[in-house]
Number of protein chains: 2
Amino acid sequence: MPSVELVAVGTELLLGQLLDTNTAYVAERMAACGIDVYGTRAVGDNRTRIAAAIAAALEHADGVVTTGGLGPTVDDLTKESVCDVLGLRAELHEPSLRAIEALFEQLRRPMRENNRKQAMLPRGAYVLENPNGTAAGFVVSRADGKFVACMPGVPHEMKPMLADRLLPWLRERFGMRDAIHTSVLHTINISESEIDHRIDDLFRALENPKIAVLAHTGRCDVKIMAKAPSRAAAEALIEPVRRELGERLAGHVFGADAQTLAGAVHGLLQARGQRLAVAESCTGGRICAALTAVPGSSASFAGGVVAYENSVKATVLGVDERNIERHGAVSSEVAAEMALGVRRRLGAELGLATTGIAGPGGGVPGKPVGLVFVGVAAADGRARTFQLEVRGQREVVQDRATTFALGVLWKQLRDWEQNA
Amino acid sequence: MPSVELVAVGTELLLGQLLDTNTAYVAERMAACGIDVYGTRAVGDNRTRIAAAIAAALEHADGVVTTGGLGPTVDDLTKESVCDVLGLRAELHEPSLRAIEALFEQLRRPMRENNRKQAMLPRGAYVLENPNGTAAGFVVSRADGKFVACMPGVPHEMKPMLADRLLPWLRERFGMRDAIHTSVLHTINISESEIDHRIDDLFRALENPKIAVLAHTGRCDVKIMAKAPSRAAAEALIEPVRRELGERLAGHVFGADAQTLAGAVHGLLQARGQRLAVAESCTGGRICAALTAVPGSSASFAGGVVAYENSVKATVLGVDERNIERHGAVSSEVAAEMALGVRRRLGAELGLATTGIAGPGGGVPGKPVGLVFVGVAAADGRARTFQLEVRGQREVVQDRATTFALGVLWKQLRDWEQNA
C-alpha cells in the first residue's frame, strides 16, 4: 500500500490559534483512495524546521503532502524548504504568473511584488493549478521516486486542488486500484468495554475489513473499514461483518453511517405515523435542538416545552404541584407527569421528558448533581420512567442526559415495533 | 524557553475520521504558559510507531505531551510505547485501581478485566489523576531530565487534567516566570472588517500586549495577549488596551473572557430583576439550550416553548391563526405574537421569539431559505421585530439565527439600561 506523511505548515497551528482541519480532510481523502497516511505533523514557519520535517517524513513514506506556507509573505517558506531538501532551484513559472495577474485584474486590485513570488516554483515541478487563489501547488520528485506535494492552506483553495489535481496524479503515480471504504454502526445503551468484550475475537481476527470502536459522549461507534477496488466490492466484504456485529450487539445498533440518534428516532416515529412532544428541564432545549437538526423533522416532531421554572411545569404542562412538593421536581413522578402533560398539551401521540440536576449547584443529600429522570408517555396515556447518574460538569450532564433520553425513547419505540 | 512536542495518538486521526481538536487546545495552553511547541504529530495505534514518534520528538524538545491511547482496549498502546522508549515496566498503581473501581461502583456497571489494565502505570510515574474517567495520565522522566507526559484523548477528561495536574507540574519543572496571559473581548452586531477598520492602527503599533481579531459564527472576538511574570502584571498591561478597545467598539462589546452572549443576557436580566420566556420555531431549542448552559440561569430564565407545528403556535402560545394564514408562519407579525404569547403564557416579564426557514426545504418566492424573524416582547406588553437573512446550510441558519436573536435581545436590554 502506498504511504504518505502529511505536514501542515504554520506557526499559528503551534500556538493553537488556528484549528488544523486540513490534515483530517486530506487524511480522509487519502484513506478513501487506498493511500496509507503513515503519520501527520505540524511545523512552524521556519525554513530549517520545515525542511527537517519533510526530510524525516520522506524516510518512512513514499511521499509527503504539505498544506500551508505558499502565500506571498516573508513567513511563507514551504517552497524554499522543499528546494532545500531536494536540492532544487525555484524559477518563474510563466503560466502561474499570468494566472495570478488575471486574478488581480478580475478583482480590480493592484498586484504587489510579493504576489510575483507565488509564481516562482521549483524547477521541473508538476504544477497543481489553483483556480481559487494566487498560491499554485506543485509536486516534485526525487531520483528514488519519492515525492513532495505542496498545496495552499486555505481550505477552499486546497480542497478542489486535492480532488481535481493531486489525487488524479497520485492514482496515476501508484497505479492504484484499491481504496478503503468505510461503514459505521452507531450503538446506544452499551459501554465501550462491553462492546470490546463482545467483539474482541473479531477485532483480532479480521484483516479486511478491519474494525475499530470509537467512544462518544454516552454512545459508541463501531467502524468497519474494507480495502477494495470499488464501493460495491467493499460492500460485499463489509456486509457479512455488519450482520455479525448487528447480531452480537443486538438491540443496541440504532443506525449506520450518516444516521444520527435523533434521525433514528424520527425514522421510527414516522414508521408508526406518530408525533412526539418533548418537555425538558435539565436538558434545557438540547433534545428539541437535536430533533430539529434533522431536515424534515416537522413531520414527526410537534414541539416542546422547556419547563425550567416549577411554575411552568405546573401551569403549562399541568404537573400536580403537590407532586412537586412531595417528591421534588427531580423525581420519577414529575418526569412521568411532564411527559404525559406535554403529550396532552401539544396534542401529540408520544411524550418525552427530562428533569434532573445539571449542577454545579442544586445537589442535595440523596439527589446529587448529575441525577436525571426521563419519562416516556405512550399513546395509551401511560408513562414509564428511567434514571441516569452522570459524573461531570454541567455541560457533560446536559449532553449525556440528552443522549440518554433519546436512547431510552429509541429503545422504547423499537420494543413496541418488535412486539407489534 | 522550554519546548515540547505534542503527539496525538489514534488511527482514526490518520484516517481523517476524527478531527483532532486536542492538539490545538494543548498548544494554546502551552503558549499561554510560555512553553514553545516545537512541532506536533499524529500517529496511529501502533506500538512501534508511537514509540518512534516519541523518541524522535524527544530529540528536539525538552519533553513530549501525548493525548489518546490510554483507554481499556487492545488498540490503546501509548503506555506500552512509552515504557519501550524509556526502558520502563508497567506496574499496578493501587490508588488508580481503587479510583476505577469506585467509578464503576458509582455507575452500577460491571468492571471488566480490561479496565484493570488502565491502572497499570509505568514504574516511578508521577500520576495525573483523572476525576472524570478511568484513564489516569502520568509523567515519566529520563535520566537527562527530558520527560514524556501522557493524557487521555477524551477532551472533557484531558482538559481538566491539563489545567489542574500537568500545567502545575510543568511550571514547577521549568521554574517558569513569564507567561502569556490572554484576555478576550466579545463583540456582537459588528463585522470583522469594521472592527479591523476601527483598530488597525492599534493592531500595527502594539507589541506587548498584542491584539488579534477572530471571527466566529455571527460575532467576533478581539484577543489581547500580554507577556508578563504574573496575571496581575499582565492585567496592568492589558487594562489600558481593553479600555481603548471598549471605546472604539462602544455598543458592541458584550463581555470578556469566559462570558458568553447568553451569560451577558442573563446578567442584564438579573440587573433588571426580570425573567425571560422564549418561543422558538426555526431555532428549535437552541436559544433555550444556550441560556440554560449558564449556571444559575433559573434566576432569570422562566422557560421556553419550541413551537414547531403551527398548531402549537396557536394553542400553546395563543398566536392568532388568521395571522398565520394572512402573513405566513414566517413573518414579523407572527414573530411578534409568539414573543408576546410566550411572555404571557409563562408569566415572564420579557419574551423572545424566532420564526424562519432553516431549510433545506420550505423556501418560497419572497421567502427564501435563511429568512428569519425575531420578536422581542417588552415588559409594557409591546413587541418589536427584527429580520435576518442567512446564506448557508440548515445548521448554519439555525446557529446564526440563535446568535442573532440573543444579540438583538442583548442590545435591547442594554438600550433600556442606558435610557433608564
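Mentor: Two strands pair if DSSP finds at least two bridges between them. Keep that rule in mind, and remember that this is a predicted model.

Trainee: What makes strand β13 of chain A a partner of β14(A)?

Mentor: Here 5 bridges join β13 (residues 276-280) of chain A to β14(A). At least two are needed, so this is a pair as well. The two strands run parallel, with Ala279(A) bridged to Val305(A) in β14(A).

Trainee: Which sheet do these strands belong to?

Mentor: An open sheet of 10 strands with mixed pairing, in the order β17(A)-β16(A)-β15(A)-β13(A)-β14(A)-β14(B)-β13(B)-β15(B)-β16(B)-β17(B).

Trainee: Why are β17 of chain A and β17 of chain B called edge strands?

Mentor: Each of them, spanning 383-389 in its chain, pairs on one side only. On average, neighbouring strands of the sheet are turned by 15° against each other, direction ignored.

Trainee: Which strands does helix α14 of chain A lie across?

Mentor: Helix α14 (residues 332-345) lies across β13, β14, β15, β16 and β17 of chain A, at about 145° to β15(A). In chain B, helix α15 (residues 394-419) lies across β15, β16 and β17, at about 30° to β16(B).

Trainee: How many residues of chain A are in contact with chain B?

Mentor: 61 residues of chain A are in contact with 63 residues of chain B. The chain A side divides into 31 nonpolar, 18 polar and 12 charged residues.

Trainee: Why is Asn189(A) called partly exposed?

Mentor: Asn189(A) has 17 C-beta neighbours inside 10 Å. Buried would need 20 or more and exposed 12 or fewer, so 17 puts Asn189(A) in between. This residue sits in the loop between β9 and α8 of chain A.

Trainee: What makes the phi of Asn189(A) worth a remark?

Mentor: The phi is positive, about 60°, although Asn189(A) is not a glycine. Most residues other than glycine have a negative phi. Asn189(B) also has a positive phi of about 60°.

Trainee: What is the omega of the peptide bond from Asn208(A) to Pro209(A)?

Mentor: That omega is near 5°, and the bond is cis. Most peptide bonds are trans. Pro209(A) lies in the loop between α8 and β10 of chain A. In chain B, the bond from Asn208(B) to Pro209(B) is cis too, with omega near 10°.

Technical notes:
Residues numbered from 1 in each chain as written. Chains lettered and ligands numbered in written order. Predicted model: local features only at pLDDT ≥ 70, side-chain atom pairs only at ≥ 80, totals over all residues. Contact = placed C-beta atoms within 7 Å. Nonpolar A, V, L, I, M, F, W, Y, C, P; charged D, E, K, R; others polar. Helix = DSSP H or I, 4+ residues; strand = E, 2+ residues; numbered from the N terminus. Axes fitted to C-alpha atoms, helices over the stretch in contact; angles between N-to-C directions.
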